[in-house]
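Please keep the sequence and the structure in view while reading.

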Amino acid sequence: MTASPLTLVVGQLLSPTVTHVTLLVLSFMLLLLGAEIFTNGVEWLGHRLGVSESATGSILAAVGTALPETMIPVIAILQAVLGSGSQSAADEVGVGAILGAPFMLSTIAMFLVGSSVLYFSNRRSFGAQMHFNEESTQRDLSFFLVGYSLAFLAAIVTNELFGIAVGVLLVVLYLVYLVRSLRSGELVESEELDELHLGQIVEGLSDRLTRSETGNHANNPNVVLVVLQTLGALGIIIAGAHMFVGQTTWVSEELLNIPAAVIALLIAPLATELPEKFNSVIWISRDKDTLALGNISGAMAFQGTLPVTLGILFTSWDLSLTWGTTGFLNAFSAILAIVSGSILYLRARNIKEGNMSPYPFLVGGLFYAVFIVVLVYHVVVIGVQASGGAH
């Protein structure tokens, strides 16, 4: 892979190992920064385009926060197609990043929701009960389960035409999800829009340069500023994803000698999506349970349909039931995500008044811990290496 100018500059100042680790951390920072700026911009864009506030918060913002980890496999795949990167990187990093987000959302993120209900029970008007919109939750989880199960099936049935058919079906499935969500009229609520970041900068510069009022660009920005911020944030995310793919491959092969898929599967979603999901903890403490749960279930509906289509069509989509392989770790994470989502879906179907015990959400934490144990066994005992094989 051709070294970027930033890599060359940093490489002149630090040792190779420190350089790659520094750039890996920097890629995380760029992804997080881009996600924050993009989410802020896309919410204002939805507002300016006349999309309902609730739809903007639950659909546009959900896609925005999912964009960083989605761009990681996109960049890996594009690099392989254009010849600037290897197909093995696209397969390992791409597949790992695609599977990591739904796995993290359905396990550790749901665990955070359940544990937050219990932790804040004394200050909540709902107490130790999860109060949510059962219809929207059932819809989100059902689309996730159908889409993700089809994606898993596409890995088991190794037929190219079947894979293409599943990919097309998943895209249609998400479009149906959007239509049903917009027509339902009970999408999760969104909070008041934060000030546009670029508008704040423009106001600050104007105050310093002209020392006069130049308009309210932060609380009432024009569409040009909104579009510029959104596109600029997308550029930051792409730069972070490009850097992440290269550094992940190096760290996995040269430093840790473990599959790049493992790093992409666990570290990427934890760094890019989990911080945003801590908003759910805050919303739980404020009795906004529907918003907290919709923040996660809406992202699951997206991650279980569109990104997996990229994996099916443009990577090896290595989900294997063969013990001791990287493919098994991929498949195991998908199975745990489906089982965890199924438990919550079945509980939501049996709820009549929108109140649920938080304990079913804690199962996700158990599944996450089980996966870590299996992962450590594969790496330490079996010896799964960066190539995906074993000692």
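The bend at a residue is the angle between two axes, one fitted to the seven residues ending there and the other to the seven starting there. Helices (H or I, at least four residues) and strands (E, at least two) are DSSP runs, numbered from the N terminus. The model is predicted: local features need pLDDT of at least 70 and side-chain atom pairs count only at pLDDT 80 or more, while totals for chains, interfaces and linings use all residues. Residues are numbered from 1 along each chain as its sequence is written, and side-chain values use heavy atoms, with hydrogens and water left out.

**Helix 11**

At Asn-295, helix 11 bends by about 25 degrees. This helix covers residues 289-303 and has 15 residues. From its first C-alpha to its last, helix 11 reaches 21 Å, close to the 21 Å expected at 1.5 Å a residue; the expected span is 1.5 Å times one less than the number of residues. Helix 11 is mostly covered, as 14 of its 15 residues are buried. Buried means under 20% relative accessible area, exposed means over 50%, and partly exposed lies in between (1.4 Å probe, protein chains only).

| Residue | Helix | Relative accessible area |
|---|---|---|
| Thr-19 | helix 2 (residues 16-48) | 4% |
| Ala-268 | helix 9 (residues 260-272) | 0% |
| Ser-285 | helix 10 (residues 274-285) | 13% |

Thr-19 counts as buried because its relative accessible area is 4%. The C-alpha atoms of Thr-19 and Gln-247 are 9.5 Å apart, although 228 residues separate them along the chain. Ala-268 and Glu-69 lie 199 residues apart in sequence, yet 6.6 Å apart in space from C-alpha to C-alpha.

Which residues does Ser-285 contact, leaving aside its neighbours within four places in sequence? They are Phe-120 and Arg-123, where contact means heavy atoms within 4.5 Å.

**The chain as a whole**

The chain holds 14 helices and two strands. Of its 391 residues, 53% count as buried. Among contacts between residues at least 6 apart in sequence, 79% join residues at least 24 apart. The accessible surface of the chain comes to about 16800 Å², and 64% of this belongs to carbon and sulfur atoms. Accessible areas come from the Shrake-Rupley method with a 1.4 Å probe; for residues, only the protein chains shown count as cover.
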